[in-house]
Amino acid sequence: MAEPGRILITGASGFLGREVCRRLAGAHLRMLSRRPGGEPWIGGDLTDPGSLRGCCEGVEAIVHLASSPGDGPGGGEWGRSHHRVSVEGTEALLEEARRAGVRRVLFVSSVRVLGESTPPGVALPEEAEPAPVSDYARAKAEAERRVLTSDGPEGCVLRLPMLYGDAPRGHLVLLAALMARPWVPRLPDRGNRRSMLHLEDAADAVALLLERWPGRGIYHATDGVAPTVEEVCRLLAQRQGVPAAGWRVPERLLRLAGRFGDALGATTGRRPPIDTARVRSLLDWAWYDDRLLRERCGFRPRRTLGDSLGWLRE
Ligand SMILES: NC(=O)c1ccc[n+]([C@@H]2O[C@H](COP(=O)([O-])OP(=O)(O)OC[C@H]3O[C@@H](n4cnc5c(N)ncnc54)[C@H](OP(=O)(O)O)[C@@H]3O)[C@@H](O)[C@H]2O)c1
């Protein structure tokens, strides 16, 4: 742990932030939020640099988790918001950190900056060429670059895959609801694997990096299982006692539906249930190599998706 200094956590009120704060309980924490409670919370909005003034005073290390929600229709206000929060907000935070003499910044990013991985897995992070495919991923990639090249605090990047917890959340809920209906066609089986990680293991990865601090670099954390999307669907159906449908939706039809959703989202400004990004999350490979974190920091994830589906009833 970066003791005895204080640790500033941005995004502390979020899904992962709450778990990280639990995991670091006992450390000297300061939490940043746009809607702070009392101590140890402080107010600050990354899109308003003036509101960050003084947030880094006396801080040794920053865990920078704050981010705009990843999902949304592409471009427009949504894209600008990612840029404002992830890129300009990170720059403003780095400036404050530089002024206050903060030594380290751990930036939590996403494997999505890499785009689709190449089966069977990808090269080690240092060798991989980022190819972000969304506003969210592009903004994260640019923020990573700024953190790693900062002439202020030493920057380290932790890229996470989709996180799951012990409660229903996000895409898994939608997929589970679909798998509960035996007449819903199965997805095309492309054999595509997806890395994932339990929330508690993600918080452990953050704590480990702070504790062992391997220096400037990019680290991936996954639970090491990377099931195929077909396996995930089968598991979700099985846990609900539902036999899987005997037919599959053709891949072309699914991709067409995604494009139709994009057009709908662009006209309405609201994200439809299906769009290209969601279709890609079902069809693309997203299998990432977490060896660096295991080798350099001794990261050992303890949970798998299969252990964490208690919320699904047969
Ligand atoms: N969840 C996942 O599956 C996943 C996967 C890969 C990577 N990640 C990364 O992990 C990090 C945490 O994700 P999460 O799911 O916990 O996010 P989340 O639940 O959506 O929380 C987002 C946090 O960001 C803060 N925030 C947003 N805009 C802000 C602004 N303008 N100024 C200050 N704070 C702002 C919010 O704080 P207030 O509302 O209190 O201000 C909130 O605590 C993110 O960087 C995300 O990209 C998450």
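Helices (H or I, at least four residues) and strands (E, at least two) are DSSP runs, numbered from the N terminus. Residues are numbered from 1 along each chain as its sequence is written. The model is predicted: local features need pLDDT of at least 70 and side-chain atom pairs count only at pLDDT 80 or more, while totals for chains, interfaces and linings use all residues.

Select W213, in the loop between α5 (199–212) and β9. Its phi is positive, about 30°, although W213 is not a glycine. W213 is partly exposed, with 16 other C-beta atoms within 10 Å; a residue is buried if 20 or more other C-beta atoms lie within 10 Å of its own, exposed if 12 or fewer, and partly exposed in between, with C-beta atoms placed from the backbone.

A226 counts as buried, because 21 C-beta neighbours lie inside 10 Å.

**The sheet**

Now display the strands. An open sheet of 7 strands runs in the order β3-β2-β1-β4-β5-β6-β9, with parallel pairing; two strands pair if DSSP finds at least two bridges between them. β3 (41–43) and β9 (217–220) stand at the edges with a single partner strand each, so one side of each has no neighbour in the sheet. From one strand to the next, the twist averages 20°.

Select β1 (residues 6–10) together with β2 (residues 29–33): the two pair in the parallel sense over 4 bridges. L8 has R30 in β2 as its bridge partner. Then select β6, which is joined to β5 by 7 bridges, the two running parallel. S109 stands opposite R159 in β6. On to β9: 4 bridges join β6 to β9, and L158 has Y219 in β9 as its bridge partner. Of the 7 residues of β6, 6 are buried, so this strand is largely enclosed by the rest of the structure.

In the loop between β2 and β3, select P40. A cis peptide bond joins E39 and P40, with omega about 5°.

Axes are lines fitted to C-alpha atoms, for helices over the stretch in contact, and angles run from 0 to 180 degrees between N-to-C directions. Helix α3 (residues 135–149) packs on the sheet, touching β5 and β6 (154–160), and its direction makes about 160° with that of β5. Contact requires C-beta atoms, placed from the backbone, within 7 Å.

**The α7 and α8 pair**

Select α7 and α8, which pack at an angle of about 150° with their axes 7 Å apart. The two helices are therefore roughly antiparallel to each other (angles under 35 degrees count as roughly parallel, over 145 as roughly antiparallel, 65 to 115 as roughly perpendicular and the rest as oblique). Within α8 (residues 276–283), A277, V279 and L282 are buried. The buried residues of α8 pack against α6 (229–239) and α7 (251–268).

**The ligand**

Finally, centre on the ligand. Among the 25 residues around the ligand, G14, L16, S33, R34 and S67 come nearest; a residue is near a molecule if its C-beta atom, placed from the backbone, lies within 6 Å of it. α1 gives the most to this shell, with 3 residues.

Technical notes: Contact = placed C-beta atoms within 7 Å.
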